[in-house]
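Welcome! Let us take a friendly walk through some side chains and helices in the structure below.

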Amino acid sequence: MNHAYLMEHISRHLHTIVRHYRPDGSLSGFCCARPDFSDLYEDQEILTLFSSPDGFPETPALLSVNGILVYALSPCQERLFVIGPVRLSEPVSLLRSVTEPLPDPLWTESVAVCTFRTLVQDVLLACNLYREDPYTEGRLFLDNCIEPESFDRLQKHFSQLVFENRETGKTHNPYDQELREFASIEAGDPEQLRRSLAEDYPGEIGTLANDPLRHTKNRAIVVITLASRAAIRGGLASETAFSLCDSYIQEAEECQDIPSLFHLFHAAEFEYARMVQEINAQKEGTPDKAGNPHIVRCKDYIFTHLHEKLTVQEIADAAGLNANYLSGLFRRCENISLTGFMRREKIRLTKNLLIYSRYTYGEIAACLGFSSQSHLGKYFKEASGMTMRQYRETYGVRQSGSL
């Protein structure tokens, strides 16, 4: 195993120091791709911070210094890699921590920043070089971030909540109402969704957070997520459903009042229901409404590569099918040609960009793989009956500055 190459790879990836120790704790390798960077700790000093009366950890260990710096120890066969320091781009609570006097703030600012996931990936890379049973990300979280007492607290809270609800007669909303609510989205039936949301029942929503605003945001996340999955079951392409879900949830996080949140997550439900309704309308009279697996994979590929200049042959190759066979199958299942479907989805995305973005018409055309603005404009007018300029002027969201 070329340990020197691995150390250089991690050092360049994280812009930090990587040390390599023998089983007895003596240093056997050092790498720092940044010639101007030096560590707060000496080589043996940093290793000592990870030691205990039982020796060094047998699995990856993360160490926080003053809640600012993070070091990682990764056992590899009978060797030890120590990676760091780094600063994390998001707050992470680690079980191992020390408090030390730090040098001037300029040195701290010179420590590279990375995401927690990026650090973990490099730690696992070093750890799993010789392991037959890979040490997983989940185990690393459990060993380094999650207090064992948290499970006890969870069970205690659960038992207490069940007892209190029985004493007070408090119940949650009936599950059958939830089934009707999301079944209406899956069926693409906005009217049934409206009736389901208007139902009266004696139960109530569980407490998802003590703060009312945070509770409603959590509820919005749950509803939007369930609605997206119901829409996928109803035939909506998963990539479209997931992207719309991400957008709604991000918008929910920005909301600062409860009425806006209720309006937002109900709007998401109705949008998903309408999208499935549109799919069902397009499939009227077609023999395969359940969703052929080849067509599902084909649609997923299209939505993932919608910003590219797609060809039927490219999609067929990705699906492992003959292009002519795929074209015929798609038309039978979807009642539209594969080329027509791609064009329709690009036009749909164009409308969204015209309404909500400030991209120029040429930028939108290039973004969606059209050879020119006029090329896109031709198909857009055929589909919408309007030029792109007319559509933006009619429906575009007004923002500060000109569009």
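Our starting point in this predicted model is a charge over a ring: Arg343 lies over the face of Tyr379, 3.9 Å from the ring centre.

| Aromatic pair | Distance between centres | Angle between planes | Arrangement |
|---|---|---|---|
| Tyr41 and Tyr71 | 5.7 Å | 70° | edge-to-face |
| Phe380 and Tyr391 | 5.4 Å | 85° | edge-to-face |

Tyr41 has a relative accessibility of 5%, so it counts as buried. Tyr71, at 0%, counts as buried too.

Phe380 is part of helix H17 (residues 373–384) and Tyr391 of helix H18 (residues 388–395), so this pair ties together parts 11 residues apart in sequence. Both Phe380 and Tyr391 are buried.

Finally, look at two helices. H12 (residues 293–304) and H14 (residues 323–334) pack at an angle of about 100°, and their axes are 10 Å apart. The two are therefore roughly perpendicular to each other. Which residues meet here? From H12 come His294, Ile295, Cys298 and Lys299, and from H14 come Leu326, Leu329, Phe330, Cys333 and Glu334. The residues of this contact divide into six nonpolar, one polar and two charged.

Terms used: Residues numbered from 1 in each chain as written. Predicted model: local features only at pLDDT ≥ 70, side-chain atom pairs only at ≥ 80, totals over all residues. Heavy atoms only, no water. Axes fitted to C-alpha atoms, helices over the stretch in contact; angles between N-to-C directions. Helix = DSSP H or I, 4+ residues; strand = E, 2+ residues; numbered from the N terminus. Parallel < 35°, antiparallel > 145°, perpendicular 65-115°, else oblique. Contact = heavy atoms within 4.5 Å. Nonpolar A, V, L, I, M, F, W, Y, C, P; charged D, E, K, R; others polar. Phe/Tyr/Trp six-rings, centres within 6.5 Å; stacked < 30°, edge-to-face > 60°. Buried < 20%, exposed > 50% of the residue type's maximum accessible area, 1.4 Å probe, protein only. Lys NZ or Arg CZ within 6 Å of the ring centre and 35° of its normal.
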